[in-house]
Amino acid sequence: MQKRALVVGLGIAGMSAAIGLRRAGWTPVIVERAPERRTGGYFIFMFPQGVQAAADLGIADHLHTRNPEWRPGGNSWSVDRRGRRKPALGLLDAPSGLAAVLRSDIEAALWQGITGDGTEDAVEVRFATTPVEITEGAGGVRVLLEDAGTGKQYREDFDLVVGADGMRSSVRRMVFGPDEDYLTNWKAMICAFQMKEQVPTYEASDSIIVSRPKRAMWVFGLADHAPCAWLTYRTEGIPDRFAGPSIEQVRAAFSGMDDPVVRHVLDSLEQAPDHVFDSIHQVKLDRWSKGRVVLVGDAAWCMNTYSAMGSSSSLRGGAALGVALREHPGDLAAALDAWESGLRPYITSQRRSARIKQQRFVPSSRPVQVLVSGVLDVVRRVVHRRLAAEFTAAAAAAPSGTAR
């Protein structure tokens with residue numbers, strides 16, 4: 001008889017874990033609190049580890065990437081206090097191997113993976129369903145589930161519960177303890193959304209950086225999609241994100257930055273059908289599993305948005321979980337030990353790097369901003385010189401009359 005696993009959360013971590021479990025011979029069941037699949041989401045970098053994990057999960061062929069073609073002079077610009085633009089080091093310029101995607105691109109590819117392609121049975125997904133109580137017994141886990149539509153509650157037994165329900169995981173609260181025991185407050189906020197159109201006077205695939213001490217605005221240009229905006233600011237007091245209109249809070253944080261780019265992005269936020277607005281934290285646990293309950297993705301190790309590794313680590317975590325279960329088919333404890341010991345060094349190193357990356361995304365002071373800007377400009381000159389040489393060589397090698 002196949003072992004059954006309850007996966008809580010239909011995001012990147014949850015679907016990755018479900019595919020990994022199925023490949024290990026398990027029968028996963030996904031529950032999702034939302035009434036339907038979410039198809040939105042903002043811009044994401046997939047690092048080589050994430051791209052490889054997508055291949056390991058068998059979804060690489062379904063994944064649509066949106067890297068703009070690099071052009072001489074670059075695709076990225078920084079805007080100074082006087083509104084003047086100058087070439088900037090784009091996040092896709094280096095290192096090589098990064099893929100530009102929307103969150104919805106990854107989730108669409110994973111959805112194809114769990115719904116089946118004719119060679120495997122589709123994974124069962126129950127929408128508007130949440131766990132209310134998790135109780136581990138001698139031979140399994142009994143979960144009290146609730147249907148949000150009917151209010152009906154029912155109990156069901158599983159061999160494993162996978163909490164993939166994000167930074168404020170309900171599974172983690174029920175099994176490991178309250179959020180305050182594991183959430184590290186970074187005293188910063190983020191707002192992200194998809195724009196309808198590019199900032200006037202910029203090319204459609206341009207990226208734009210408006211960075212000031214303690215607040216910054218990034219526009220990420222894509223190859224075949226309107227840009228995405230990403231705003232972040234530091235704050236000593238984390239506001240209640242539900243206390244008032246988030247758009248008003250964002251406008252207040254960027255008051256005084258009277259620049260055409262800033263004005264366009266803030267006006268675009270007013271028109272956006274949806275957006276993400278949240279405080280920034282990291283999740284730190286000494287152990288990602290307890291008995292027959294394991295946490296994956298942001299529920300276990302949220303490195304936060306500054307790391308830019310959330311999606312890549314979730315893909316890798318789900319794929320690795322499947323491998324560990326396959327290699328230890330008769331010993332769940334050994335499988336979870338092997339999975340965590342193999343993954344934790346990678347997660348730890350990426351978590352630590354987030355503090356350094358934060359200074360690039362939103363400098364903590366004017367001196368830091370000047371230092372970071374100077375270092376990045378030196379790196380940009382080197383990188384763009386190499387990219388320009390590669391562009392010229394490729395153009396010379398192209399058949400006559402062929403346009404790049």
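Predicted model: local features only at pLDDT ≥ 70, side-chain atom pairs only at ≥ 80, totals over all residues.

User: Which residues does Ser 104 touch, not counting residues up to four places away in sequence?

Analyst: Leaving out those sequence neighbours, Ser 104 touches Thr 39 and Gly 40. Ser 104 itself sits in helix H3, residues 103-115.

User: Is Ser 104 buried or exposed?

Analyst: The cut-off for buried is under 20% relative accessible area. Ser 104 has 16% relative accessibility, so it counts as buried. Gly 14, in helix H1 (residues 12-23), is buried with a relative accessible area of 0%. Setting aside residues up to four places away in sequence, Gly 14 touches Val 7, Gly 9, Ile 30 and Ala 164.

User: How do I read burial along a helix? Which residues of helix H5 are buried?

Analyst: List the buried positions, then look down the axis. In H5 (residues 246-253), the buried ones are Ser 246, Ile 247, Gln 249, Val 250 and Ala 253. Seen down the axis of H5, these fall within an arc of 160 degrees, so they line one face of the helix. The face turned away from that buried side carries the exposed residues Glu 248 and Ala 252.

User: What covers the buried residues of H5?

Analyst: The cover includes strands E12 (183-194), E14 (215-220), E15 (228-234) and E16 (276-283), along with helix H6 (260-271).

User: Now the aromatics. How many aromatic pairs does the structure hold?

Analyst: A pair of aromatic rings is described by how far apart the centres are and by the angle of the planes. This structure holds 15 aromatic pairs. In one of them, Trp 230 and Phe 361 are 5.0 Å centre to centre with 55 degrees between the planes, a tilted pair. Trp 230 is in strand E15 and Phe 361 in helix H9 (residues 332-361), so this pair ties together parts 131 residues apart in sequence. Both residues are buried.

User: What about the rings of Trp 288 and Trp 339: how are their planes set?

Analyst: Their planes are at 65 degrees and their centres 5.6 Å apart, so the pair is edge-to-face. Trp 288 lies in the loop between E16 and strand E17 (289-290) and Trp 339 in helix H9, so parts 51 residues apart in sequence are tied together.

User: Which charged end sits over the ring of Trp 288?

Analyst: That of Arg 344, 4.2 Å from the ring centre. Likewise, Arg 355 lies over the face of Trp 186, at 3.6 Å from the ring centre.

Definitions and conventions. Residues numbered from 1 in each chain as written. Heavy atoms only, no water. Helix = DSSP H or I, 4+ residues; strand = E, 2+ residues; numbered from the N terminus. Buried < 20%, exposed > 50% of the residue type's maximum accessible area, 1.4 Å probe, protein only. Contact = heavy atoms within 4.5 Å. Arc of directions from axis to C-beta. Phe/Tyr/Trp six-rings, centres within 6.5 Å; stacked < 30°, edge-to-face > 60°. Lys NZ or Arg CZ within 6 Å of the ring centre and 35° of its normal.
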